[in-house]
Amino acid sequence: MENNITELMTQLVFQLAVIIFAVRIFGKLAVKVGIPSVLGELIAGIVIGPYAFGAVALPGFENGLFPLNSASLAVRPELYSFSIIASIILLFSSGLETDLKLFLKYSLSGGIIGFGGVAVSFLLGDIVTMVMLKTSFMDVRCLFLGIMSTATSVGITARILSDRKKMDSPEGVTILAAAVFDDVLGIVLLAVVMGIVSAVSGGSSLSGQAVALIALKAFSIWLFFTALCIVLSKKIAQFAKLFGGGFDFTIAAFGVALILSGIFEKQGLAMIIGAYTTGLALSGTEIAPIIQEKIHGIYKFFVPIFFAVMGMSVNIQELTNPAVLKLGFVYTVFALAAKILGCGGPALGLGFNMKGALRIGAGMVPRGEVALIIAGIGLTAGVINQELFGVVILMTLFTTLVAPPLLNILLGTKGRGTRKEVKSSESQQFIWDFGDTQIAMLIFDLFVTDLRKEGFYVQMMNISDGLTQARKGDVALSISMEGSKLNIQTAAEDMGFVKGAIYEAVLSMNNSLRSLEAIKNSNALQQGLISSENRVNSSLMKILSKNVISTDLHAENKDEVLEELVWLLEKSGKVLDHKEVLADIKAREKIMSTGLENGIALPHAKSNGVKDICVAIGVKKDGIDFGAMDEKKSKIFIMIVSPKTSGAPQMQAMAAVTGVLQKTDGIEKILSAKSSQEILRLFTEIKK
């Protein structure tokens, strides 16, 4: 038994390793061809799964790395358990991203349109399945396919709206508001259907009265726990914070989600409903944005595993089955039409014209994560078979692929989408390059914090998408960050407010940085670099060679020293862009001179102009004014440059080389050295 467990765990380790790399490779390829990464992750699962290459015999795995477990559960239970945790993380995150205030009171039109989309999608999905399978409307298979037709993946639409500068347009705001209602109503319907499934599995009758009682029970359980969690949300947040800082209370909050997930499952409902409810309750608390940030790491690890496992459940042969293709085609067409009719129809009665109604309907078309989760629940529970699971996969793939170009075309047509002229729907774009990614992130955080203080509701449209939206009344902002650039889109009349808020954030940052000015007036920290106590790591000295050492610099001033040292760095073979390295070195010198005491100068910087850490050493025996701490001329110059994006030990290298100088009377030896080989020997033969 022990050997069997060890073997299973070993196989699980290999499976996870393969999945980790497969989902990232296929995810990146998907993005490159213009489709969401989630579809790439799904396809990765299909390719490496038990119905494809996963069943190919390998050394040590005679049945393949991903052998078929059973028709209802394609993968081994231990791997499937990872996907269950992933689905809870995904729905917990979705709940956190839900605008609870919007759901409760923000937009009447959003509620009506969201309800219309869910109702029509459910009815058409159920009826189409009923007709094609020649069964009854209350057949649990039909109910499940009805539910799976209701889900909307608003993250895809939000990105298109942002790219088109339509996030704050009447259609954009309405779509985002309706998507909130769509998600919540879909969860309620799932609770009801799971209650029916539970009753059917227990052999209960499905008379009209029985269905009504089951629906009432399921809805009551969901409503009770949702209301309870919302009322106690601040208490839950306070409880989570008892466990410590950001990471600690994030894990504690997720623990609450696991508890509620288990309670819902025990009541015959789905775990994901409990996870979503917990996230929804906490979405309005002060710790919500911190949880979103801290949970991002485990989200990025677990959630792609879920989509891969869903892909592994797809029987490729069933996808080519004429019956599956026929039902899949009809079901997909009606799923697409359902959102356009169900959301676009009510929009016509709420001030939108035909153009606006079509835009709203198209924006609600993409299905995604929730549809796949519900399909997985149904397959595992035996409610739907491989054929119907394949139908859902086809629908999800098609609606996700067709929605972006369709919405882009509709948004590209001229003319407003409302019957009457409303607040300008043309957004302006504010882009500011702060020149440094860390500074941009700090400004972003300050800006978002200030927005919350102003009463804005700030949410990430998708935890993995990098897009944030802020709303208050009829003011809507789309915020994204790429590298050191902060990009904000909003209506023209709100741009003054945005620029003012960014200016205040910059002033706040500047004021904070001024508190660090005391460092310039104290040598205490800088003297740490020339301490005799610095650790001398001989392995770091291997980056030196005699080619990058000069015993007689020709420079006559500071700028010439820097340029000559950069030319020495070129000889290391690690410099990609000479000008960029020199510019970064000079920029660092403008902040504060790197001239230390006792004739030592340590010019350094991080730069994308090098591909790896590199060091150059130069000697100018009569010295140069380098702005040293002791106001004496500098004679020994050690330049260290490392890439901005790598984990190169630049500070350790700086401490190591100065440690060599202090521990071995190195200053005198270097100044008296007649060749670069002598200086090299001083550093490479040093004892720790």
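Contact here means heavy atoms within 4.5 Å. The model is predicted: local features need pLDDT of at least 70, side-chain atom pairs count only at pLDDT 80 or more, and totals for chains, interfaces and linings use all residues. Residues are numbered from 1 along each chain as its sequence is written, and side-chain values use heavy atoms, with hydrogens and water left out.

**View A. Leu680 and its contacts.** Leu680 lies in helix H26 (residues 676-684). Helices (H or I, at least four residues) are DSSP runs, numbered from the N terminus. Leu680 touches Leu544, Ser545, Lys546 and Ile549, leaving aside residues up to four places away in sequence. Its relative accessible area is 11%, so Leu680 is buried. Buried means under 20% relative accessible area, exposed over 50%, and partly exposed in between (1.4 Å probe, protein chains only). Ile670 is ten residues from Leu680 in sequence; their C-alpha atoms are 9.5 Å apart.

**View B. Helix H3 against helix H12.** The axes of H3 (residues 77-97) and H12 (residues 271-282) come within 6 Å and cross at roughly 30°. That makes H3 roughly parallel to H12. Axes are lines fitted to C-alpha atoms, for helices over the stretch in contact, and angles run from 0 to 180 degrees between N-to-C directions. Angles under 35 degrees count as roughly parallel. The crossing of H3 and H12 is right-handed, that is, the near helix is turned clockwise from the far one by less than a right angle. On the H3 side, the contact includes Ile84, Ser87, Ile88 and Leu91. Among the H12 partners are Met271, Ile272, Ala275 and Tyr276. The residues of this contact of H3 with H12 divide into eleven nonpolar, five polar and no charged. Ala, Val, Leu, Ile, Met, Phe, Trp, Tyr, Cys and Pro count as nonpolar, Asp, Glu, Lys and Arg as charged, and the others, Gly among them, as polar.

**View C. Aromatic pairs.** Rings of Phe, Tyr and Trp (its six-membered ring) pair if their centres lie within 6.5 Å; planes under 30 degrees apart count as stacked, over 60 as edge-to-face and the rest as tilted. By this rule there are ten aromatic pairs. Phe92 and Phe254 have ring centres 5.9 Å apart and planes at 55°, so the pair is tilted. This pair links distant parts of the chain: Phe92 sits in H3 and Phe254 in H11 (residues 246-266), 162 residues apart. Both Phe92 and Phe254 are buried.

**View D. Phe239 with Phe243.** This aromatic pair is edge-to-face, 5.3 Å centre to centre with 85° between the planes. Phe239 is partly exposed at 41% relative accessible area. Phe243 is partly exposed at 48%.

How values were computed. Helix = DSSP H or I, 4+ residues; strand = E, 2+ residues; numbered from the N terminus. Parallel < 35°, antiparallel > 145°, perpendicular 65-115°, else oblique.
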